[in-house]
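Try each task yourself before you read its solution.

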Amino acid sequence: MAKIRDVPDFPEPGIVFKDIMPLLADPAALQEIVDLLAEWIEPRQPDVILGAEARGFILGAALAYKLDCGFVAARRPGKLPWKTVSATYALEYGENTLELHADAIASGARVLVHDDVLATGGTAKAICDLAEQLGGEIVGVAFAIELAFLEGRKHLERYDVHSLITY
């Protein structure tokens with residue numbers, strides 16, 4: 001898609017970052033991507049959209065609004081002001097940790113995990129694990145972009161996974 005910009009050597013040498021900010025800046029493209037993701041998500045009837053820091057917040061919150069459900073943020077350590085649960089996971093260029101508020105997901109809640117890009121699958125898998133640890137049921141995992149050559153889906157095999165654009 002022409003609205004997705006390739007940024008070479010970001011955040012590390014050898015990585016080609018897929019930047020969705022030009023897509024988000026275009027009103028028609030933003031509406032289209034939210035509508036297409038919502039169309040796939042709606043039949044799964046989530047109670048909450050769980051968005052990954054940071055770009056997962058943008059579309060995740062828009063999806064929660066469109067689908068009339070709640071939004072939960074998975075944040076970097078030290079960003080949430082209350083009791084948290086955390087998970088550390090591998091990235092294609094290192095490792096990271098994400099946290100949820102300990103009361104963010106009600107037991108039995110139907111959770112749709114959203115992030116902008118599926119790369120190695122580490123971020124989405126860690127978020128799914130956190131939501132399940134709190135008693136949530138993962139009803140799907142949705143991405144705007146998938147980097148299929150990194151084989152991230154293999155870490156999410158037990159979940160219903162959807163990506164709009166695959167590289």
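Is Phe-17 buried or exposed? Start with the ground rules: this is a predicted model, where local features need pLDDT of at least 70, side-chain atom pairs count only at pLDDT 80 or more, and totals for chains, interfaces and linings use all residues. Residues are numbered from 1 along each chain as its sequence is written, and side-chain values use heavy atoms, with hydrogens and water left out. Now the cut-offs: buried is under 20% relative accessible area, exposed is over 50%, and partly exposed is in between (1.4 Å probe, protein chains only). Phe-17 comes in at 16%, so call it buried.

**Exercise: find the aromatic pairs and classify them.**
Step 1: rings of Phe, Tyr and Trp (its six-membered ring) pair if their centres lie within 6.5 Å; planes under 30 degrees apart are stacked, over 60 edge-to-face, the rest tilted. The whole structure gives two aromatic pairs.
Step 2: Phe-10 and Phe-17 have ring centres 5.2 Å apart and planes at 85°, so they are edge-to-face. Phe-10 is partly exposed at 44%.
Step 3: Phe-57 and Phe-71 are also edge-to-face, with 6.2 Å between centres and 85° between planes.

Step 1: a disulfide needs two cysteine sulfur atoms within 2.5 Å.
Step 2: The disulfide count is zero.
Step 3: check burial. Cys-69 is buried at 15% relative accessibility, and Cys-128 is buried at 0%.
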